[in-house]
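Please have the sequence and model open as you read.

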Amino acid sequence: MKTVTKKAAAGLPVNSILAGDCIEVINSLPAESVDLIFADPPYNLQLKGDLHRPDNSRVDAVDDAWDQFSSFAAYDAFTNAWLKAARRLLKPDGAIWVIGSYHNIFRVGAALQNHSYWILNDVVWRKANPMPNFRGKRFTNAHETMIWASKSENSKYTFNYDALKALNEGIQMRSDWLLPICNGHERLKNEQGDKAHPTQKPESLLHRILVGSSQPGDLILDPFFGTGTTGAVAKMLGRNFIGIEQEAAYRKVAENRIAMVRKFDSEALQVTTAKRAEPRVPFGQLVERGMLRPGEELHSLNGRHKVKVRADGTLATADIKGSIHQVGAALEGAPSCNGWTYWCFKREGKKVPIDLLRQQIRDEMGNRPN
């Protein structure tokens with residue numbers, strides 16, 4: 001993988017790290033070309049003086065020039081510029097994640113709304129192992145906040161709800177995520193043995209974000225690439241990426257890191273999909289293909305009702321005629337009914353849900369969504 005200068009970025013340099021100012025580079029890329037953005041912008045920590053531990057050792061805090069702004073007005077101008085540029089790059093159904101701390105996230109959130117992004121959630125990353133508050137004058141700062149927003153209110157953004165639920169042992173994923181900060185073997189070091197980047201994000205955080213809000217083959221932009229966590233996880237999960245980073249030392253670490261990442265095989269990249277994302281199969285198709293025959297009886301799962309299948313894919317009793325959903329609802333006196341899970345047919349004396357026949361057709365179609 002090579003570092004691409006901003007002059008070479010007139011096309012779409014997929015799976016590359018672009019060198020230069022993020023706003024200039026973003027503006028050089030084609031409009032509506034990116035599916036998802038993950039942004040970890042400078043936090044503008046406004047640090048004054050060194051911070052020491054109780055043993056008087058100095059804390060390796062964020063004191064780099066890229067995190068220093070002369071005023072809130074200067075930081076707001078920077079935020080507005082990159083958010084405006086980034087929105088141009090997003091596809092109509094694209095979305096963005098921005099992470100920050102209490103120093104900047106509220107200003108970023110207001111700017112997102114001012115630029116017509118549509119906020120979907122704020123997600124709290126609760127750190128399992130936060131740095132202690134050494135001075136004892138404030139609460140331990142144990143979380144960071146992420147804002148997830150679509151390009152517009154009408155965007156049909158990607159949200160793999162069922163995949164996140166599966167990732168969370170069958171429980172609906174909440175908006176507070178307990179994950180450890182980056183340390184141990186994951187913490188990248190430079191040639192001097194020091195932290196390669198002071199705010200390196202853990203791969204677990206990006207894994208959850210990309211699994212939940214993108215698809216294999218999507219293009220992910222990270223305008224503040226750092227040491228390449230977004231690119232490493234994107235490659236592993238079969239996503240494409242473009243990283244922008246102005247610091248040569250960070251680019252070097254990121255290039256070496258990503259080169260060592262192995263992409264999962266195609267089967268491992270598949271995630272649990274929602275039923276609504278699967279191809280639509282009309283009940284009449286089961287009749288057309290002879291999987292169920294006109295005149296064949298269907299039975300309700302609770303055993304209280306039976307109906308006959310008609311040639312046009314409707315069901316009938318002596319008094320009621322209609323779709324599998326309409327007839328089920330009428331018989332149960334309910335406002336609605338999912339006929340696919342309500343009706344069964346009998347084979348060798350056993351009840352078999354008609355949904356199994358629908359799934360058979362979907363499997364033949366390769367589970368291609370409409």
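Contact here means heavy atoms within 4.5 Å. Among contacts between residues at least 6 apart in sequence, 66% join residues at least 24 apart. This is a predicted model, where local features need pLDDT of at least 70, side-chain atom pairs count only at pLDDT 80 or more, and totals for chains, interfaces and linings use all residues. Residues are numbered from 1 along each chain as its sequence is written, and side-chain values use heavy atoms, leaving out hydrogens and water.

The protein has 12 helices and 15 strands. These are DSSP runs numbered from the N terminus: helices are H or I of at least four residues, strands E of at least two. Of the 370 residues, 45% count as buried (under 20% relative accessible area, 1.4 Å probe, protein chains only).

Axes are lines fitted to C-alpha atoms over the stretch in contact, and angles run from 0 to 180 degrees between N-to-C directions.

| Pair | Axis distance | Angle |
|---|---|---|
| α5 (residues 203–213) and α6 (residues 229–236) | within 9 Å | roughly 55° |
| α6 and α7 (residues 248–259) | 9 Å | about 15° |

α5 is therefore oblique to α6, whereas α6 is roughly parallel to α7. Angles under 35 degrees count as roughly parallel, over 145 as roughly antiparallel, 65 to 115 as roughly perpendicular, and the rest as oblique.

In the α5 pair, E203, L206, H207 and L210 meet residues of α6 including T229, A232 and M236. In the α7 pair, T229, G231, A232 and K235 of α6 touch R257, I258 and A259 of α7.

Definitions and conventions
Buried < 20%, exposed > 50% of the residue type's maximum accessible area, 1.4 Å probe, protein only.
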